[in-house]
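Student: I would like to learn how to read helices and aromatic rings in a model. Could you walk me through it?

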Amino acid sequence: LPCDSKAVHVSKAGPRLVNRFDALVLSGTALLDNEYLKWPRPHWLADWNKPLLGICAGHHLIGKWFGAKTMRAQKPEIGLVRVRLSGEGKRDALFHGMPSFFSAYALHRNAVQLPKNFVRLAFNSACVVQAMRCKTRPFYGVEFHPEVRNVQVLERFYSIARACRKR
């Protein structure tokens, strides 16, 4: 990673730890692990205004923590899928320069609805919220796994974090 980083289970991440970092990434879980859906919203999130990226299960947690339902997807997505950027997605820094349609690696059986105060950045026929962003804080969620095939999404997230740090 182009920055100092530390891997920590979200249940062990308290305010003292998370405040040491300029950004957070909530990664995925094993395909059949649904225990994460029982995790409560962490107290530190109420005051967190730095960039946050949820990937797959992390995407579901962000949605859940902000009032959206997480449920079984219409059909599981396993392997390469086609993702389409929304109009908001085409203008968002996270997807800057990417084509309107792109291939991404997915591995999920759950999906999340769009929380209030979030905008949909990407979608496809199997998953209506492939990517989202909070309107008031630099919080993002992506259903697909950018670490597998779309590393430029992670690089753009790091750029967003650097820009926020300079403010």
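Tutor: Gladly; we will take a helix and then the aromatic rings. Keep in mind that this is a predicted model.

Student: How many residues of helix α2 are buried?

Tutor: A general idea to begin with: an α-helix has 3.6 residues a turn, so residues three or four places apart point the same way. Now the case here: α2 spans residues 57-65, and eight of its nine residues are buried. Among them are H59, H60, L61, I62 and W65.

Student: What follows α2?

Tutor: The residue G67 follows α2, and its phi is positive, near 95 degrees.

Student: On to the rings. How is a pair of aromatic rings described?

Tutor: By two values, the distance of the centres and the angle of the planes. Searching the whole structure gives six aromatic pairs. One of them joins F95 and F144, with 6.5 Å centre to centre and 50 degrees between the planes, so this pair is tilted rather than stacked or edge-to-face.

Student: Where in the chain do F95 and F144 lie?

Tutor: F95 is in the loop between α3 and β4, while F144 is in the loop between β7 and α4. The two are 49 residues apart, so the pair links distant parts of the chain.

Student: Are F95 and F144 buried or exposed?

Tutor: F95 is buried, at a relative accessible area of 1%, and F144 is buried too, at 0%.

Student: Which residues do ring pairs link into a cluster?

Tutor: That cluster consists of F66, F118 and F139.

Student: And what lies over the face of F123?

Tutor: R120 does, at 4.1 Å from the ring centre.

Definitions and conventions:
Residues numbered from 1 in each chain as written. Predicted model: local features only at pLDDT ≥ 70, side-chain atom pairs only at ≥ 80, totals over all residues. Heavy atoms only, no water. Buried < 20%, exposed > 50% of the residue type's maximum accessible area, 1.4 Å probe, protein only. Helix = DSSP H or I, 4+ residues; strand = E, 2+ residues; numbered from the N terminus. Phe/Tyr/Trp six-rings, centres within 6.5 Å; stacked < 30°, edge-to-face > 60°. Lys NZ or Arg CZ within 6 Å of the ring centre and 35° of its normal.
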